[in-house]
Amino acid sequence: MATPQSLQLSSVNNVEIPVHIIHTEENQIQEPAVDEFDYSQRGQWLRAAVLGANDGLVSVASLMMGVASVKEDIKAVIVAGFAGLVAGACSMAIGEFVSVCTQRDVEIAQMKREKLKGSSKSDGNDEKLPNPAQAAAASALAFAIGAVLPLLAAAFIRQPMVRMAVVVAVASVALVVFGVVGAMLGRTPVVKSSARVLVGGWMAMGTTFGLTKLIGSNHGMQI
């Protein structure tokens, strides 16, 4: 708002002439809000979720493919896949728990050093510390979700060749979905992320199938 002010000035003829001086306020231009969200903050839980689901899917699908290459019995395939689900979920949970505990210890030690130096940056950081139990549970759950997909795909199919084809198809679709979801949440290229996950899964399943068939079919091994 303009604020006029009057100043009384004396002229040569001693006539007071009001002079109006207008002070204008500086226009404050508000810049549009910028998305300042740090997507790296999603790194911890996103990594655990995507890694767990991807590992569960690829590990169990590859394990089932390997067993199916030398054993046509559906019971053997399902039991092997279920054992892989349980073992993998436990392994992921323990590994994530240990990893996050180590990270938490490092952050706590850093906070203590900052407090000794009198830094105020460490105030209120207790709420930001990672939760090992939560990370372990999320990792195990994600692994189990990924691992159960090939199990369900193979559970109701009796023909061995059809069963393997269905497992590969279901695993491929799920890998693409995991890649797309991870890319969208992390704001990374969707095609590149999906292709990387899919090709990696194919390589794991193909390698497991080929090597297991080679070992199981030669040298007179009875499985």
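This is a predicted model: local features need pLDDT of at least 70, side-chain atom pairs count only at pLDDT 80 or more; totals for chains, interfaces and linings use all residues.

Guide: A residue counts as buried when its relative accessible area is under 20%, as exposed when over 50%, and as partly exposed in between (1.4 Å probe, protein chains only). By that rule Ser-69 is buried, because its relative accessible area is 9%. Residues are numbered from 1 along each chain as its sequence is written, and side-chain values use heavy atoms, with hydrogens and water left out.

Ser-69 belongs to helix 1, which covers residues 43-70. Helices (H or I, at least four residues) and strands (E, at least two) are DSSP runs, numbered from the N terminus. The side chain of Ser-69 comes to 2.5 Å from the backbone oxygen of Gly-66. This is a polar contact: a pair of N or O atoms within 3.5 Å, where within protein one must be able to donate a hydrogen and the other to accept it, and residues adjacent in sequence count only if both atoms are side-chain atoms. Contact in general means heavy atoms within 4.5 Å. Setting aside residues up to four places away in sequence, Ser-69 touches Phe-209, Thr-212 and Lys-213.

The wider chain may now be placed around this residue. The protein chain has five helices and two strands, and along the sequence these elements follow the pattern β-β-α-α-α-α-α. It has 223 residues, of which 30% count as buried. Of the contacts between residues at least 6 apart in sequence, 64% join residues at least 24 apart.

Another residue of helix 1 is Asp-55. Asp-55 is partly exposed, because its relative accessible area is 24%. Asp-55 touches Val-60, Met-92 and Phe-143, when residues up to four places away in sequence are not counted. The C-alpha atoms of Asp-55 and Ala-142 are 8.9 Å apart in space, although the two residues are 87 apart in sequence.

Helix 2 runs over residues 74-116. Its N-terminal end is capped by Asp-73, with a side-chain oxygen 3.2 Å from the backbone nitrogen of Lys-75. The expected span of a helix is 1.5 Å times one less than its number of residues. For the 43 residues of helix 2 this gives 63 Å, and the end C-alpha atoms are 63 Å apart, so the two values agree. Ile-94 also lies in helix 2, and this residue is exposed because its relative accessible area is 56%. Gly-118, which follows helix 2, has a positive phi, near 80°.

Ile-157 is located in the loop between helix 3 (132-155) and helix 4 (160-186). Ile-157 is buried, because its relative accessible area is 15%. Apart from neighbours within four places in sequence, Ile-157 is in contact with Ile-74, Val-162, Arg-163 and Val-166. Ile-74 is 83 residues from Ile-157 in sequence, yet 8.2 Å away in space, C-alpha to C-alpha.

Helix 4 contains 27 residues and reaches 39 Å from its first C-alpha to its last, close to the expected 39 Å. Its buried residues include Arg-163, Met-164, Val-167, Phe-178, Gly-179 and Ala-183. After helix 4 comes Arg-187, with a positive phi near 55°.

Helix 5 covers residues 190-217, which makes 28 residues, and its first and last C-alpha atoms are 40 Å apart, close to the 40 Å expected. Buried in helix 5 are Ser-193, Ser-194, Val-197, Leu-198, Gly-201, Met-205 and Gly-216. Ser-194 has a relative accessible area of 10%, and is therefore buried. With residues up to four places away in sequence left out, Ser-194 touches Val-176, Gly-179 and Val-180. The C-alpha atom of Ser-194 is separated by 7.8 Å from that of Ala-183, a residue 11 places away along the chain.
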